[in-house]
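Please examine the structure shown below. The paragraphs that follow lead through it step by step.

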Amino acid sequence: MKRRDVVKNLLSNRKNLLVVAGLGSTAWDCTAAGDSPLTFPMWGAMGQAAMMGLGLALAQPKRRVLVVTGDGEALMGLGALATIGVQKPANLTVVVIDNERYGETGMQETHTAHGVDLAGVARSCGLKVVDFKDLKKAIHTAPGPNFAAVKVKAEKIPLVLPPREGALLKARFRRALLGAKADTE
Amino acid sequence: MWPEGIHRELGLAGVRVVGYVPDAGHKRLIELCRADRKMRAVVLTTEEEGIGLAAGAWLGGQRSVLLMQSSGVGNIVNVLGMVRECRFPLVTLVTMRGEQGEFNPWQVPMGQAVRPVLEAMDTVVQQVEKEDQVAPVVNAALRLAFNSYVSVAVLISQRLIGIKSFQEQSAR
């Protein structure tokens, strides 16, 4: 499968979905699917995408929250899966777009190219591993925390960049989610 | 006691999420937060996770704090870059080691580096030496962080925590 097609499909008709995009290729994938104020693309803080999703899911229990991140990013924060497994947020889904490469730094192989099984780790931490065919529905309805690692082709594709300024990304997300009161809170 | 004073300030400030890494100095405060039905206490595998947690909670409209020991400051340096770049409010309550009367030499390097490391990452550092200062300083740190969108760390000095040996630490 091709990563852009996978992410575009997962984000099409996204309804009220709140999205955190892990740094690098998955942030570009989410932007290619359509930039939204309710997508928070990360340009740094590698390893923290799933934890940002957890914080958001705890703060917004009535909304569905999706983390889209890469295998390298997820590997840097494996402990987050254990932490999510303890908190068990029913509204959170973590999807790893797994190309078995560090795409931003020269396509070096990640640990998943050598048999490390992220879904196995997630399952052991108490997350519910979802098949790809059920994933889009699970993101919107299945009691979580849900997890999927989606194997995609390792390919170099054009960058599609979201806004870079962190304070802007934060402010637009909060305003879109919480309304104008977010500006004066 | 000072943990009760901090817990009261957190409640008054509307803090709903408390990330923590287990720590002898914060033992009582962790218990108070875990027992508080208005707070979600989140045990972390490393302090770094607490920054992502706090940022995500703020995106969702909730206030949080992060509890850690001084050694944890070394684990959050890079992700403090996100806090600064995004102007996320952040309150970190740090119990100090490697400072006054330390008994474990391995705690000393990080303990001594806490302030310069935090300040290098644009975090406002406020140290508390006396019991009756704890609640007012935490109160002010909460207002500074959430009203002015900055990162504030309150360092609770080792003298206040008062653990003087391995034996005493494990007995707590």
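Helices (H or I, at least four residues) and strands (E, at least two) are DSSP runs, numbered from the N terminus. The model is a predicted one, in which local features need pLDDT of at least 70 and side-chain atom pairs count only at pLDDT 80 or more, whereas totals for chains, interfaces and linings use all residues. Residues are numbered from 1 along each chain as its sequence is written, and chains are lettered from A and ligands numbered from 1 in the order in which they are written.

S2(B) runs parallel to strand S1 (residues 15-20) of chain B, and four bridges join the two; strands count as paired if DSSP finds at least two bridges between them. Within this pairing, Tyr20(B) has Val43(B) of S2(B) as its bridge partner. Together with helix H2 (residues 27-35) of chain B, S1(B) and S2(B) make a right-handed β-α-β unit. Right-handed here describes a path from the first strand over the helix to the second that runs clockwise when the strands point away from the viewer.

Which residues of H2(B) are buried? They are Leu29(B), Ile30(B), Leu32(B) and Cys33(B), where buried requires 20 or more other C-beta atoms within 10 Å of the residue's own, these atoms being placed from the backbone. Because they cover an arc of only 160° around the axis, they lie on the same side of H2(B); the arc is that of the directions from the helix axis to the C-beta atoms. Their cover includes helix H1 (2-12), S1, S2 and strand S3 (63-69) of chain B, with contact meaning C-beta atoms, placed from the backbone, within 7 Å.

Chain B also touches chain A. To this contact, chain B gives 27 residues and chain A gives 29 residues. On the side of chain B, the elements that give two or more residues are strand S2 (40-43), helix H3 (47-59) and helix H4 (77-86). H3(B) supplies the largest share, ten residues.

In chain A, six strands form an open sheet with parallel pairing, in the order S2-S1-S3-S4-S8-S7. Its edge strands, S2 (39-41) and S7 (128-129) of chain A, each pair on one side only. Strand S3 (residues 65-70) of chain A is joined by six bridges to strand S4 (residues 92-98) of chain A, and Leu66(A) has Thr93(A) in S4(A) as its bridge partner.

Definitions and conventions
Contact = placed C-beta atoms within 7 Å. Buried ≥ 20, exposed ≤ 12 C-beta atoms within 10 Å, placed from the backbone.
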